[in-house]
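Colleague: I have a few questions about this chain. Can we go through them one at a time?

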Amino acid sequence: MGADGPIGVAMGLDAAWSSIPHPVIVVTSDGVVRAVSTSTHSVLPSAIPGSDLDDVAPPWLAQAHRRLVQRLGTPDADDAAASGSLHGKRFEARPTVLDGQIAWWLVEDAGRELWDTKQALTREQARTSFLGEASAVLMATLNVDRCMSATVHLAVRHLADAASVVAPVTGNRLPVVCGDRGAVEQRTVEADPSDVPGLSEALRGFPPVPSRWLDPAALPEWLVPSTFDGPVGSVLITPLPGLGVPAGALVLLRRASEPVFGEDDELSARLFAARAGAALSTAGLYAEQSAITRTLMRDLVPPQLRRLHGFELAGGYRASEDHQIVGGDFYDVHPGATPEDDTLVVLGDVCGKGLEAAVLTGKIRNTLQALAPLAQDHGGVLRLLNSALLSADHTRFATLVLASVARRDGQVVLRLTSAGHCAPLIVRSDGRVEEADTRGQLVGVLEQIQARTFETVLAPGETCVLYTDGVTEAWGGPLGTDMFGEQRLAAALEECAGMPAEAVVERIMMLTTQWVRRREHDDIAVVAITAPRRTHLSAVDGHTAGRYTA
């Protein structure tokens, strides 16, 4: 045949091998040297095409070649590298199986160390990138369920074919979130974690059991996602360390067709588990604190108001910050036993705003609830409240107004007492707005407190408005440089003559909100007490709902 036939092709391949700038020797399955690179002569000077490998190579390389030939086509063929000495230097031979022959690449120890270092650096860079992503994703939520799901998603993307997060035991039940490349499933199972080797220890925060000690056959079905398509080949279980107490356990699964978990995988899993455990613990702590806060706040939120004993009550409240639901302004109602008995309505303003003011608000409201039976004696109520605040460990004070409302002889009788607070405004049926003639000292500062009580009667359709200075001292307007002021409030109330209590409150809250817009403002609270029109009674349906604005 000519040079373009099989012989020419073979010669071209031999020339290609000889030009490789690295020591490599190509040997047939029966041990004959087929080709060598030029650089091979520096370590195997006798190796030329056609020579016998046993004659030109050291015994360790010739033996490695024979072993590999015997294992061709088996899984063990992937791990056939050999190492030994050549001219006083340490070399490693790495095989590449070709069609009918094997290429042995000779790597000097120094080169191998550099290769291993580069590989280790690449792995570490990938692991650092993964852990950075994990931290960002896990810390983006304070919801426990979403945090568990995110942990599973991240583990499946970077560490395993499937994963499960097992939360600590609740009663005799285990919360579990598991998933693979498909959907994530949430489960609650009745199981004993000690039945799964390594799981009980992980939930108690013990060091992880090496994956090679865990038997995939011992894994229960509730730890395997329902969409997992393949037998489990290896299992890795590691604890999720929390803030002082374990946050759960992470279970990683690989298919039988994939490499088993190694030491590098276990290191990555432990580093990831540390971040996931901290995130889960933080989310759990936040959930617990939120539940406690909701329970405590339940008694601090202004109550819903309704019609009582033949008169209407309505209230509106807006905290100084949009993200808060309580502050320093408050109102409360303590109904009388009968229409003739005094119903005590209280509206007040604690110095300051935010949570600290809300705490003192709660103390004042609880004290006033205990003093409600003394509603006929406003002076006595204020003196006892003042004494209680002076004995408490705080430096804040409060202003408030007391209103006792009763239905007597077909009329709504009203007694008002201010303690350092804005005097209530009364909207008469003809639109006139009167200021109640009551003055007094604020509570929680002086040992003795004095106040003057004002009495009046509300005719049908007339309303008494109690409000905090968050209304009149609200800065706003077109340029944000004007206070709402008492005159604007009085003018707005003139337009509310004859309105139900709820409509009056709605009007004042709307105007104040429009005035301040999104600017910083103080807490705002408004309460309206209305003697309903006689023709309006049947339309009220027995109740006037209070309104609460967060």
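Colleague: How much accessible surface does the chain have, and what share of it belongs to carbon and sulfur atoms?
Modeller: This is a predicted model, and the areas are computed from it. The accessible surface comes to about 26900 Å². The share that belongs to carbon and sulfur atoms is 53%.

Colleague: What percentage of the residues count as buried?
Modeller: Buried here means under 20% relative accessible area. The chain has 550 residues, with 12 helices and 22 strands. The buried part is 47%.

Colleague: Is strand 9 largely enclosed or open?
Modeller: Strand 9 covers residues 232–240. Of its 9 residues, 7 are buried, so the rest of the structure surrounds it. Strand 9 is largely enclosed.

Colleague: Which residue of strand 10 does Val235 stand opposite?
Modeller: Strand 10 spans residues 248–255. Strand 9 pairs with strand 10 in the antiparallel sense, over 8 bridges. Opposite Val235 stands Leu253.

Colleague: Which element supplies the largest share of the largest nonpolar core?
Modeller: That core has 29 residues, and Leu138, Leu240, Leu252 and Phe272 have the most contacts inside it. Elements that each supply at least two residues include helix 4 (109–138), strand 9, strand 10 and helix 7 (263–297). The largest share, 7 residues, comes from helix 5.

Colleague: How many residues does the second, separate core have?
Modeller: Among its members are Tyr331, Leu347, Ala403 and Ala525. This core is separate, and its residue count is 25.

Technical notes: Residues are numbered from 1 along each chain as its sequence is written. This is a predicted model: local features need pLDDT of at least 70, side-chain atom pairs count only at pLDDT 80 or more; totals for chains, interfaces and linings use all residues. Side-chain values use heavy atoms; hydrogens and water are left out. Buried means under 20% relative accessible area, exposed over 50%, partly exposed in between (1.4 Å probe, protein chains only). Helices (H or I, at least four residues) and strands (E, at least two) are DSSP runs, numbered from the N terminus. Two strands pair if DSSP finds at least two bridges between them. Accessible areas come from the Shrake-Rupley method with a 1.4 Å probe; for residues, only the protein chains shown count as cover. A nonpolar core is a set of buried Ala, Val, Leu, Ile, Met, Phe, Trp, Tyr and Cys residues joined through side-chain atoms within 4.5 Å.
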